[in-house]
Amino acid sequence: MSHLFDLAGKTAIVTGANTGLGQGIALALADAGAAVSLVGRSAPDETVEKIKAMGGACCTVKADLSSVDAIDDIITATRDQLGGLDILVNNAGIIQRNDAIDFTMEEWDSVLNVNLRTVFFLSQAFARACVDASQGGKIINIASMLSYRGGIRVPSYTASKSGLMGLTRALANEWAGKGINVNAIAPGYFATNNTAALQADPKRSAEILGRIPAGRWGQPKELGGAAVFLASDASDYVHGTTLPVDGGWLSR
Ligand code: NAD
């Protein structure tokens, strides 16, 4: 069975791969044999070092994903440097916390732009490149528990991640017939910068841990298996689904 999960000869774009879940996913894809294009606004030095240490291949593309301006460059630079385009992981994302009653337009737009608008147009550019090359592809969106639930004090984040789960289904409906799999992973509560405020708040942290059956925060490398599955031939007949990796949180 192991060849089903083999990514040798494949090229993957991972956005926001310098840290956190993006780094965990990039390392897992590289470990499975993919060459990885590390895309983001901060230099992913540590990720590059770790991929090189395992004998893997990667390139870096500097891009601010708060606008769609860098999309053409991401596609072209990846193909030029790594010679292909097979997998896109839309991981980069931000969160803004404020009471809904006080929420500003900047807090709304900044989150929707990175978490949804750029994700759609980057996915479109990736799908066009796949169609032009007469090949299939794999798109993996990083959703959230707030694709399913409302959350507290994060209205733009909830809107973006709930929208992302819907977008995953919508794109799968249109692109499955072109051999492009569009799926999502919904991480539960993982120990990263994104959740630093929650981890540091003793009350919220205890509430969160109290309803995770696994009884602990997830570690970024624990998303690797789901990412490799959805990036590989093993998931060729999986379309439009969102796979929770949540320590059981949604089952409570
Ligand atoms: P993180 O803050 O450590 O990483 C976010 C990444 O996105 C970083 O690489 C950052 O540089 C990049 N990024 C943000 N804005 C960008 C921009 N304008 N241009 C380019 N890159 C940008 O957080 P994380 O927890 O690793 O988050 C990764 C993804 O996982 C996000 O989409 C987040 O919403 C999602 N997520 C995280 C958790 C969790 O528990 N940590 C749970 C569910 C979903």
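Tutor: The following account takes the ligand shell and then the helix packing.

This is a predicted model, in which local features need pLDDT of at least 70, side-chain atom pairs count only at pLDDT 80 or more, and totals for chains, interfaces and linings use all residues. Residues are numbered from 1 along each chain as its sequence is written, and side-chain values use heavy atoms, with hydrogens and water left out.

The shell around the ligand holds 28 residues, of which Asn18, Asn91, Tyr157, Phe190 and Thr192 come nearest; a residue is near if one of its heavy atoms lies within 4 Å of the molecule. By residue class, the shell divides into twelve nonpolar, 13 polar and three charged. Here Ala, Val, Leu, Ile, Met, Phe, Trp, Tyr, Cys and Pro count as nonpolar, Asp, Glu, Lys and Arg as charged, and the others, Gly among them, as polar.

An oxygen atom of the ligand lies 2.7 Å from a backbone N or O atom of Phe190. For Leu21, a backbone N or O atom is 2.8 Å from an oxygen atom of the ligand. A polar backbone atom of Ser66 is 3.4 Å from a nitrogen atom of the ligand. The protein buries 95% of the 820 Å² that the ligand exposes when taken alone, by the Shrake-Rupley method with a 1.4 Å probe.

Helix H1 (20–31) and helix H5 (155–175) each supply at least two residues of the shell; helices are DSSP runs (H or I) of at least four residues, numbered from the N terminus. Two packed helices are described by the angle between their axes and the distance between the axes. The axes are lines fitted to C-alpha atoms over the stretch in contact, and angles run from 0 to 180 degrees between N-to-C directions.

Helix H4 (residues 105–132) packs against H5 at about 15°, with the axes 9 Å apart. H4 is therefore roughly parallel to H5, a term for angles under 35 degrees.

H1 and helix H2 (residues 45–53) cross at roughly 20°, their axes coming within 10 Å. H1 is thus roughly parallel to H2. H1 also packs with helix H8 (residues 224–231), at an angle of about 55° and with the axes 8 Å apart.

Methods. A polar contact is a pair of N or O atoms within 3.5 Å; within protein, one must be able to donate a hydrogen and the other to accept it, and residues adjacent in sequence count only if both atoms are side-chain atoms. Angles under 35 degrees count as roughly parallel, over 145 as roughly antiparallel, 65 to 115 as roughly perpendicular and the rest as oblique.
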